[in-house]
Amino acid sequence: MTIAKDHHVPRFKQTNAGKIKIKTWGKRQVVMFTTFLALFLLTVYGFLTFDYKGISFVQAVTDTIYNVKVMFFQPAMSHFTFGEALGQVGVTIGLGILSTIIGAIISLFLALFAAKNLSSKTVSSAIIIVITFIRAVPTVLWVLIFAIAAGLGSEAVIIGMTFHSIAFLVKAYSEAFEEIDEGVLEALRAGGANWWHIVTHAVIPSTTSSLLSWTFLRFETNFTVAVAMGAAAGAGGIGFELLMASNFYFDLREVGFITYLILIVAIAFELLSTQLKKRFLSGTSMS
Amino acid sequence: MITGEYRSNKKQLTIFLLLLIVVMLASASFTEFNFIYSIQTLPKAFTWIISNLFITEQALEKLPSVMDKLIETVFLSITSTTTAGVSALFLALLGSEATKVNDFFAKLSRVIASVYRNIPIVAWALILLLSFGQNALTGYFALFLATFGFLVRAFIETIDETSSGSVEALQASGATYFQIVMKAVIPECLPQMMSWILYMIETNIRSSTLVGILTGTGIGFMFDLYYKNMNYEVVTLITLSIVIVVIGIELISNYVRRVIL
């Protein structure tokens, strides 16, 4: 709604011919246009400067289409049984569950101190700066860094994934806390409630549904992340099987089978998450 | 009354917490995760991180080649996001309740988006690696496909939220489909869509590190190389340079978002 925002403009601007100008060039339009132009130019420049290494594009695309066809129309298992495959999916889900729950518990406490209406300004900004830093490091790098101290295995993966989950959840939780009506908090403070009472009797009960939806959303993400960590950081689970099938056995049919398996689980989680979100969350952005 | 409700809430909470503990223990035994061992390694890990946080002069010599790969990664993430955004717009217009052409295409576009979104980027990367090899295009297409799926969903939600009213009004006044889309839907949704694209550019820089490790390209490959050689000074340099780029992009997008939304 541009009109609502530009209501301070006193009268219609007119062109030389006397027509009313419909478009006005405010700061908003300038920034919008500049971003557009910048992204367009960067995209063109990017395509021109990539190192294509003289690849035959048509050949590669035809090959990919053929591979994808084999994958999706002739999925098969050759290096494991169906039961073992399900077990590996279970490991991946387990990694997702553990990192989400541990992350959620730690985040809950941190978010109370990160929310501006419940904490002091200094503490809140300090937490937000640390969180921003943690979020900026890709999960896989966290996992590999922890693997130096803990060795490759589920411990490093879960610590690394928990780190990133905390960075995400503290932001989401503290924003949910900040949406609480300031009047309610003030009334409780005036009534002599201490900080802990306010948190346990007002803040958490009134945000429970949104906290749970955010947590489930993160779990959905963490499942995908766990697949990736299995492949990139040797965490085991279905991601590792995927890496073996494609990079070591070159078995396209098995890649297809594993992809279907992941797809089914991921879509099931997504449906659950949308249902939860529809029921509990309204009007909150995802970023 | 109130106490009764309070008590049942308490009972619910206890059941919920017990369930949570059971699920956690089951997952821990499934993944062979050792709580005590991980808590013990935490101090060790943090001492390691802090003692390796400083970039030595030796590592700084590698800065030009790190910058080179980093710039490639940034461009990879921008090109894949913008092209995916443009393609996603078309599918989102078909998929949204407000602008759908008919129910069949609406359903179809939602299904296509869901499939693309839920096949993990790792799978795309590994599949593309087979025919594209260690090439920038492997990363480009992997990021493109995953971003495409995500953006279609985000754009559909944006169009549904912002334009159902104006579409109805324009339909009533006899505007054609093309006019409605060009004059109402796109201008109204553009700021929100731009915000999503900026968010995905930032996310994709992190994702392309992962793709790079798997496919042997870009900054991810460099990280993996020095990591395996245990040259941790360069590893720190690479990590910090990624952090600076991601935070830089986040600050720019936050500014743009504040102005346009």
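Figure 1. Setting aside neighbours within four places in sequence, A:Ala60 is in contact with A:Ile55, B:Ser131 and B:Phe132. Please keep in mind throughout that this is a predicted model. A:Ala60 sits in helix H3 of chain A, which covers residues 57-73. Is A:Ala60 buried, partly exposed or exposed? It counts as partly exposed, because 19 C-beta neighbours lie inside 10 Å and a residue is called buried at 20 or more.

**Figure 2. Helix H3 of chain A packed against helix H6 of chain B.** Here we stay with the helix that holds A:Ala60 and turn to its partner in chain B, H6(B), residues 121-132. The two helices pack at an angle of about 135 degrees, and their axes are 8 Å apart. That angle makes H3(A) oblique to H6(B), since only angles over 145 degrees count as roughly antiparallel. The crossing of H3(A) and H6(B) is right-handed. From H3(A), the contact is made by A:Ala60, A:Asp63, A:Thr64, A:Asn67, A:Val68 and A:Met71. H6(B) brings B:Ile127, B:Leu128, B:Leu130, B:Ser131 and B:Phe132. Sorted by class, the residues of this contact are seven nonpolar, three polar and one charged.

**Figure 3. The side of chain A that touches chain B.** How many residues of each chain are in contact with the other? On chain A there are 64, and they are in contact with 57 residues of chain B. Helix H2 of chain A, residues 27-49, gives the most to this side of chain A, with eleven residues. By class, the side of chain A that touches chain B holds 41 nonpolar, 16 polar and seven charged residues.

**Figure 4. B:Pro191, a proline within a helix of chain B.** B:Pro191 lies in helix H8 of chain B. Apart from neighbours within four places in sequence, B:Pro191 is in contact with A:Met32, B:Ile260 and B:Leu261. B:Pro191 is partly exposed, because 19 other C-beta atoms lie within 10 Å. For a sense of scale, B:Pro191 and B:Ile156 are 35 residues apart in sequence, and their C-alpha atoms are 14 Å apart in space.

**Figure 5. Helices H7 and H8 of chain B.** Helix H7 spans residues 136-172 of chain B and helix H8 spans residues 177-215. Their axes come within 8 Å and cross at roughly 160 degrees. H7(B) and H8(B) are therefore roughly antiparallel to each other. Their crossing is right-handed. The contact of H7(B) with H8(B) has 17 nonpolar, 14 polar and one charged residues.

**Figure 6. Helices H4 and H5 of chain A.** H4(A), residues 82-114, and H5(A), residues 121-136, pack at an angle of about 130 degrees with their axes 7 Å apart. That makes H4(A) oblique to H5(A). Which residues meet between H4(A) and H5(A)? A:Leu110, A:Phe113 and A:Ala114 in H4(A) meet A:Val123, A:Ser124, A:Ile127 and A:Ile128 in H5(A). By class, this contact has six nonpolar residues, one polar and no charged ones.

**Figure 7. Two loop residues of chain B with positive phi.** Most residues other than glycine have a negative phi. B:Glu32 has a positive phi of about 55 degrees although it is not a glycine. This glutamate lies in the loop between helix H1 (2-31) and helix H2 (35-51) of chain B. B:Glu32 counts as exposed because it has 12 C-beta neighbours inside 10 Å. B:Met230 likewise has a positive phi of about 55 degrees without being a glycine. The place of B:Met230 is in the loop between helix H9 (218-228) and H10 of chain B. With 8 C-beta neighbours inside 10 Å, B:Met230 counts as exposed.

**Figure 8. B:Gly248 in helix H10 of chain B.** B:Gly248 is found in helix H10, residues 232-260 of chain B. This glycine counts as partly exposed, because 13 C-beta neighbours lie inside 10 Å. B:Gly248 and B:Glu202 are 46 residues apart in sequence, while their C-alpha atoms are 9.4 Å apart in space.

How values were computed:
Residues numbered from 1 in each chain as written. Chains lettered and ligands numbered in written order. Predicted model: local features only at pLDDT ≥ 70, side-chain atom pairs only at ≥ 80, totals over all residues. Contact = placed C-beta atoms within 7 Å. Helix = DSSP H or I, 4+ residues; strand = E, 2+ residues; numbered from the N terminus. Nonpolar A, V, L, I, M, F, W, Y, C, P; charged D, E, K, R; others polar. Axes fitted to C-alpha atoms, helices over the stretch in contact; angles between N-to-C directions. Parallel < 35°, antiparallel > 145°, perpendicular 65-115°, else oblique. Left-handed = near helix turned anticlockwise from the far one by under 90°.
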